[in-house]
Structures are given as C-alpha cells and as structure tokens.
Amino acid sequence: MKLYIETLGCAMNVRDSEHIISELQEKEGYTLTSDISQADLILINTCSVREKPEQKLFSEVGQFAKRKKQGAKIGVCGCTASALGHEIIKRSPHVDFVLGARNISKITSIIHTPKAVEVDISHDDSMYVFSNSKPSSYRALLNISIGCDKKCAYCIVPFTRGKEISIPFDLINKEARRLVANGTKEILLLGQNVNNYGIRFSVPHANINFTMLLQELSKIDGLERIRFTSPHPLHMNDEFLDEFASNPKICKSIHIPLQSGSDRILKQMKRGYTQEWYLNRISYLKNKVPNVGISTDIIVGFPNESDDDFEETMKVLESVRFDTLYSFIYSPRPNTLSYSWGDNGSVPSNVSKDRLARLQNRHREILQENSQRELGKTHYVLIDSNKSSIKETFSEGRSDTNRLVRIQDEFIDMGNIAEVMITDVRGSTLYAKTRIK
C-alpha cells in the first residue's frame, strides 16, 4: 500500500505529518510515494491560518480526485479539517474521512471507517507515544506542547488545536535521546507558546518550566543545537532570556512575533503586551547577545488600523531591524473574535496592500544592510546540503543565528558543523570559506 501526503502550513503541521507517516508505515505497512496516481491513500494535511484555506482545500481535493487510481482513498487532516469538520464530507463526495489536528493518533483507525469525522479539540494526545519509523536526520522536530490558551482576536488556532497541554518531560527527554542516538544534532522544539511550557499537564507532574526544560535537554551528550518556536513575548522573563543567552547549546536565533507596533491595535488583538514591553525584551536580549538573529510576524490592515498605527509598526521595524520578517494582510478567520466584527473598521484593500509593500520593501533594505555587516564575521554552520559535480561544488547549511550560508567550492560531509568566515553576500544568502580545514 502506498501513501501520498501533502503538508501545508507551519512546522507543527510538518511534525504532525511525520507522526502520521510513521504510524501508517509501522502499523499499516504503507510506503511513501511522490506519485499521486500510484497512491492507495492520499492525505492533505491542511492549514487554516492563511487566506482562503477552504478554497485551496477543495481545489486540491478536486485535482487529486481526477488523478487518483480507482479505489484510492482521500483524507483531509489538520487545522482546516478541525475547523470545517462534517462540512468537508458534505461539500466533497471525494473525501473519505476527516481527521482534525488534535486527533492524529487516530489515523490508523479512521482510514478503515468510511466517511468518519474525528475533530474533537478536547482530545488529548499529550501522553500518546507515536511510532518513530522516520529515517534519522541531522535536524529533527520535537513537540513539547499541544494547543493554545491564548485568545488572540485574529487567530483560529485555539479553535482547531484546543487548550494548551504540555507533554510530560520524561516523554520529551526519551524522544530527544532517541533522536540523538540516531544521529540528530539539532532539535527544534515545537509549541504554540513554547515558553509557556509547564502551565498544564494531563497527569500529575513535577514542577518544570521552559527554562528548566532547556537546561535538562542541554545535558544530552551529542545534542549540539537546540532551537524552538514560537515563544510568546508575554512570557519572555529575565530567567528565560538569561538561559537563552548563556546556554551554548541554544542557537542564537529566536522568533518573537510582534503582529503590530501599535498599542491600540495590540490591545484590540488581545496580545497582552505593549510596544514598550516588546522593545524592552528586545533590548534586554540584545544586551546579552548582540549578534542574535531575530525573526517576527506582522499583520497589516487589522481592523481599525490607522496610518498612525502603521507608523508605530514601522517604528519597531526600524528599531529592531529583524533578520527575517513574515508579513501578511489581515484575513478574517471564522470563530475568531475579529471575524464577528464583520466589516466594522475594515481597512481598504488598496491601503493594506500599500502598507504591506512599504513594510516588505523597507525590510529588504534592512536585510541587505544587516547582511553587509556579516562580511568577515565567523559563523558555525550545520551542513545539511552539499553537491559535488564537474559543474559545481558547494556545501550549505544554517548558521547559529539561522542565516543560510553557502560554502562555495568546498565539499563538507552533511551533519558536520563547520567554522566559516563570511566572504560575500548575494540576496539573503551569505557566502563563506571554512576557517579550519
């Protein structure tokens, strides 16, 4: 039996797909295929955060139905599955089952139940030990929590992934050690609000917070790098930032979602912090780690966003000079608070587009300015790609600060961490030569 799976959205969805694949391989004997026409089971692991996810979903289902072989099943998984539930079955006769983001441990049973819909956001997978047939890699994803307790006005995640529950430390530790024993050198910890870890467990558990979790995982021999996403600005206390700065195994790159620089809009968004708090945390962090790589999320055109509000966002952009920027025009999502406002306060489309263009254009300029400052600097790069041929030889990977670095005319085995000096900048890529052979 062959499985084809398409994964949309964030790293959490990627990890969910890894779990699904392993469960189906180990317990049902499936093998992966990249050819839809050969698949016995076709899965779409959906995302509901971006604009028009429903249109994309049903378009994909229609295309897959035309290309699938007779008797092949189509399943819809993930956040859009959670949001739409039975409506997917009603609207598309091609779909054989629907599996919500909080229910992926049920994959091996639902594939045998025609027209089944499993989208219970109160289902608890935090104690479930997933199969682990995924081949070893130098980088790996590891969930530390599921769900989200925040009620940001624009965000559908609490309605698709349920309340926040932390995964017991012993399960995280055991999986991390298994990954490292199989060759993993860098682990990316996943959660909707990773630095809120420990707020709630399903079973009695020792008191442990995210800082303590980082300290414990750092004790694993052979684990050389720890990354995590996404922390919430509200939970960035001094203890956490001190650990981030001082722990040599924690990569010095961090995603700190801003969403807006305006206190008025942040309050409407129900983000729980102000511009002053956000910039204070950035300042504290940069004083400890001057070369830290910072990425963020920004929404423009949120309801009632004025020109002055947008200027406050630009002010933060200029102050922080983010290394990576994920920016979007506001898109209303069903079940969210802002969706209930309807068109009240809506920002004209042309205004939102102009603001987004201005934001992104300025960020591109900042990125080039930041990149030029990297010339001559030393970075440590975990090699995860290389090529050696008559035409071209190179090795490539991510720096400690999460910048893409290409080492031209040098072949370095994957999994090695190379000490390099930056010699050139082309676009967002840094070019380098090894300092130590």
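Helices (H or I, at least four residues) and strands (E, at least two) are here DSSP runs, numbered from the N terminus. The structure is a predicted model, in which local features need pLDDT of at least 70, side-chain atom pairs count only at pLDDT 80 or more, and totals for chains, interfaces and linings use all residues. Residues are numbered from 1 along each chain as its sequence is written, and side-chain values use heavy atoms, with hydrogens and water left out.

In the loop between β12 (253-255) and α10 (263-269) lies Q259, which has a positive phi of about 75 degrees although it is not a glycine. Q259 counts as buried at 7% relative accessibility, where buried means under 20% relative accessible area, exposed over 50%, and partly exposed in between (1.4 Å probe, protein chains only). N335, in the loop between β14 (324-329) and α13 (349-372), also is a residue other than glycine with a positive phi, near 80 degrees. N335 is partly exposed, with a relative accessible area of 49%. In the loop between β11 (225-229) and α9 (238-246) is S230, and the peptide bond from T229 to S230 is cis, with omega near -5 degrees.

Another loop, between β13 (293-300) and α12 (307-320), holds E305. This residue is buried, with a relative accessible area of 5%. Contact means heavy atoms within 4.5 Å; not counting residues up to four places away in sequence, E305 touches R264, I265, I299, V300, F310, V347 and R355. With the side chain of R355, the side chain of E305 makes a polar contact (2.8 Å). A polar contact is a pair of N or O atoms within 3.5 Å; within protein, one must be able to donate a hydrogen and the other to accept it, and residues adjacent in sequence count only if both atoms are side-chain atoms.

Two strands pair if DSSP finds at least two bridges between them. Strand β16 (residues 393-399) runs antiparallel to β17 and is joined to it by five bridges, and R398 stands opposite L404 in β17. Four residues lie between the strands of this hairpin, where N402 takes a positive phi near 75 degrees. With strand β19 (residues 429-434), β17 pairs in the parallel sense over three bridges, and R406 stands opposite Y431 in β19. Because four of its five residues are buried, β17 is largely enclosed by the rest of the structure.
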